[in-house]
Every structure is written in C-alpha cells, then in structure tokens.
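Please look through the following model slowly, with the sequence beside it.

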Amino acid sequence: MTKKERFAFVLSYFEEHAPNAETELIYDNPYQLLVAVILSAQCTDKRVNMTTPAIFRQYPDVEALSHATFDELFPLIRSISYPNNKTKHLIGMAQMVMEDFNGEIPSTVEELVKLPGVGRKTANVITSVVHQQPNMAVDTHVFRVSARLGLTTNATTPLQTEKQLLKYIPTEKVHIAHHWLILHGRYICVARTPKCEQCGLRPVCKYYQSLIRGNNWQPN
C-alpha cells in the first residue's frame, strides 16, 4: 500500500465515522479558546473545562485578564498542571494582546507565537479551530497515531510530523483531520494499551499488522 492510499483510507474512514469532530474544550470566542488551550498543555481537556468557567466569570474578556494580578488569578487555576507558569503566561498574553494587537486575538501563527505561553502547537490550534486555516497542531496523540498508522515515516519531532501530514492531507480537510487524529488517540489508539479490537483502521495500520506478525513494532 502506498502512502497516498493509506492516507485516503484513513481520511475516508474518519469522514464516515466522525464527520463532525471538533475540539472538546468549551469556549465561546477566540479569547476563551486561547485561554483554554494555554491551560491544556500537559493537562486534560476535562480538567480545563472544569476550571475555565470561574476564570471567564471573573475575567470575561482579554482586557479584564490584562489587569489581573498573579495572586488573584493563581487560585483559579491552582488545580491545573504548572499553575505558576500558566498564571504568568495568561497575564502576559492578555497584556501583550492589549498593547500590541489592539485587544484582538491574533489570527496568524506568526503573530500568535509571540504571545507568552503560546508555542507553535497552540497557535496551530487557534488558527485551525477559529479560522479553519490549514494548520496541523501536533500533540502527543497526533504524533503517536500518525506513527502507528504509518502516516509518518521516521518523524522524530512534532514539526516533522506536521510537515509529513500536510503533504498528504488535502488543504480543506486539515482543520478537521487534526481533531480526527487527536480524538482517535484519546479514545481508541491510546498510549499504553491501544483498543485495536475497536479500531476500523486495522486494515492499514502498521502497528496492528506488526502485532499480527508478532514483530517488535518500530514507528517508521
């Protein structure tokens, strides 16, 4: 099977079984999504969704957040991983948005990555989800699933994975393919014990085929 055929099978499967895939973070506008994504680094979406309502009540927009102090914001995100850094990042992000972007959340990856707490993955999420730009955010789920399926070859970094995926995924499908891969990794192709018996991608999955052959799988 060629790489092109493998991608075609995977995308067709997801289009049929998850046509409306979307982020599980709860948000109402770009500001709320940006806050949620910054908080979600190395933390579950479930925990973030439990935390953000209190933040948004106290800081309903980016201007309000820009006036927050560390001591005021920290208690609201104490239960999130790395709360010290994320508190500083959120306040710094809001202040920069107000000072450098006239209070508007940037809409390009190049601008977003200038904000505190925003790396390439976060910027790709924002531009993909809010603006449906063809940007592929690579988290641990996307990285793992892509390698196991054989969508990527010898990709050792998120950027390498991103570039290989973008080479074969049609531009108009990139924004939803991001969610397909994340959700598949979150619920089916989990890290330690993937639920292969529930997976409809077994016919093209290199990882599964290696299990059948009894070989030691390598992500290539």
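## Contacts and how the model is read

Two residues are said to be in contact when they have heavy atoms within 4.5 Å of each other. With neighbours within four places in sequence left aside, leucine 90 is in contact with Val35, Ile38, Leu39, Leu65, Leu73 and Ile77.

This is a predicted model, in which local features need pLDDT of at least 70 and side-chain atom pairs count only at pLDDT 80 or more, while totals for chains, interfaces and linings use all residues. Residues are numbered from 1 along each chain as its sequence is written, and side-chain values use heavy atoms, with hydrogens and water left out.

## The nonpolar cores

In soluble globular proteins, nonpolar side chains tend to be buried together. A residue is called buried when its relative accessible area is under 20%, exposed when it is over 50%, and partly exposed in between, using a 1.4 Å probe and protein chains only. A nonpolar core is then a set of buried Ala, Val, Leu, Ile, Met, Phe, Trp, Tyr and Cys residues joined through side-chain atoms within 4.5 Å. The largest such core has 36 residues, and Leu65, Leu90 and Met93 are the ones that touch the most other members. At least two residues of this core come from each of α2, α3 (45-58), α4 (62-66), α6 (83-100), α7 and α8, and α2 gives the most, with eight residues. Apart from this core lies another, of 28 residues, among them Val138, Leu151, Ile176 and Leu181. The helices named here are DSSP runs (H or I, at least four residues), as strands are (E, at least two), and they are numbered from the N terminus.

Leucine 112 belongs to helix α7 (residues 109-112), and it counts as buried because its relative accessibility is 0%. Not counting residues up to four places away in sequence, leucine 112 touches Ile105, Pro106, Val118, Ala123, Ile126 and Thr127. Histidine 89, in helix α6, is instead partly exposed, with a relative accessible area of 29%. Its contacts, leaving aside neighbours within four places in sequence, are Ile38, Pro116 and Gly117.

## The largest pocket

Where does the model leave open space? On a 1 Å grid over the protein atoms alone, a pocket is an open set of points with protein on both sides within 12 Å along at least five of seven lines, whereas a cavity is a set of points where a 1.4 Å probe fits but cannot get out; lining residues have an atom within 4 Å of a point. Grid points are joined across faces, edges and corners, and a volume is the space filled by probe spheres set on the points.

The largest pocket holds about 500 Å³ of space. Its lining is made of 22 residues, of which Ser40, Asp45, Asp139, His141 and Arg186 lie nearest the centre. Two or more lining residues come from each of α2 (30-40), α8 (120-131), α9 (140-149) and α11 (174-187), with the largest share, five residues, from α11. By class the lining has eight nonpolar, eight polar and six charged residues, where Ala, Val, Leu, Ile, Met, Phe, Trp, Tyr, Cys and Pro count as nonpolar, Asp, Glu, Lys and Arg as charged, and the others, Gly among them, as polar.

In an unreviewed entry, UniProt lists Cys189, Cys196, Cys199 and Cys205 under "binding site". They span 17 residues in sequence, yet no two of their C-alpha atoms are more than 10.7 Å apart, so they gather at one spot. The lining of the largest cavity takes in Cys189, Cys196, Cys199 and Cys205. This cavity holds about 100 Å³ of space, and its lining of 13 residues divides into 10 nonpolar, one polar and two charged.

Cysteine 196 sits in the loop between α11 and α12 (206-213), and it is buried, with a relative accessible area of 13%. Not counting residues up to four places away in sequence, cysteine 196 touches Arg202, Tyr207, Tyr208 and Leu211. Cysteine 205 lies in the loop between α11 and α12 and counts as buried at 8% relative accessibility. With residues up to four places away in sequence not counted, cysteine 205 touches Arg6, Arg148 and Leu149.

## The annotated domain

UniProt, in an unreviewed entry, places the feature "domain: HhH-GPD" at residues 39-187. UniProt positions are given in the numbering used here, feature names are shortened, and annotations may be inferred rather than shown by experiment. The span of residues 39-187 is 63% helix and 0% strand, and its end C-alpha atoms lie 21 Å apart.
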